[in-house]
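Okay, I've got a few minutes, so let's go through the charged side chains on this one. Here it is on the screen.

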Amino acid sequence: MHATFAMNPQSVDIVDAATKDDILEQLSDLFARAYELDATQVLEALVERENLGSTGFGRGVAIPHARITAIKRPIAALLRLKKPADFAAADGMPVDLVFGLLSPEGSGAMHLYSLAEISRLMRDEDVREALCDAPDGEALYGLLTNASDRDAA
């Protein structure tokens with residue numbers, strides 16, 4: 001599906017989250033469920049990275065990311081928020097799409113390539129609109145798969 005990171009149907013969800021802390025906690029729980037990881041370890045890594053500076057990308061998107069030891073290849077998860085929430089984004093706008101990325105500890109270029117791939121995807125206004133309009137997690141996953149396959153062609 002994606003050239004630089006893995007994603008599965010269980011790694012997308014639509015949730016209520018009112019604060020940045022809620023968002024990171026729900027993202028950690030989603031990673032834990034979808035990839036059989038320790039939610040606490042994921043949350044600690046995401047919070048540690050977030051403390052360096054907001055991963056609020058702008059235009060309603062945040063891309064929280066971190067490196068952890070429990071994985072062998074970059075993995076991703078997507079939360080769509082039912083209501084936009086403040087994430088201290090660069091443009092000051094609240095976010096409604098949160099695309100999380102976890103990479104193996106010590107992965108340098110692969111982590112950056114994965115972030116770039118997600119960034120390109122989230123800058124595509126048609127993709128972003130479709131993700132915001134998707135009725136459920138299954139539709140979100142299908143849109144991500146189709147967008148990735150289209151970009152690869």
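**Charges and a serine in a loop**

Let's start with Ser 107, which sits in the loop between β6 (95-104) and α3 (109-123); helices here are DSSP runs of H or I with at least four residues, strands are runs of E with at least two, and both are numbered from the N terminus. Quick caveat: this is a predicted model, where local features need pLDDT of at least 70, side-chain atom pairs count only at pLDDT 80 or more, and totals for chains, interfaces and linings use all residues. Residues are numbered from 1 along each chain as its sequence is written, and side-chain values use heavy atoms, with hydrogens and water left out.

Back to Ser 107: its relative accessibility is 13%, so it counts as buried (under 20% is buried, over 50% exposed, in between partly exposed, with a 1.4 Å probe and protein chains only). Its side chain reaches the backbone oxygen of Pro 104 at 2.8 Å.

Now, how many salt bridges does the structure hold? There are 5, counting a side-chain nitrogen of Lys or Arg within 4 Å of a carboxyl oxygen of Asp or Glu.

One of them pairs Arg 59 with Glu 125, closest N and O atoms 2.4 Å apart. Arg 59 is in the loop between β2 (56-58) and β3 (61-62) and Glu 125 is in helix α4 (residues 125-133), so parts 66 residues apart in sequence get tied together. Arg 59 is partly exposed at 37%.

Then there's Asp 96 with Arg 128, at 3.3 Å. That one links strand β6 to helix α4, and here Asp 96 is buried at 16%, as is Arg 128 at 11%.

Key: A polar contact is a pair of N or O atoms within 3.5 Å; within protein, one must be able to donate a hydrogen and the other to accept it, and residues adjacent in sequence count only if both atoms are side-chain atoms.
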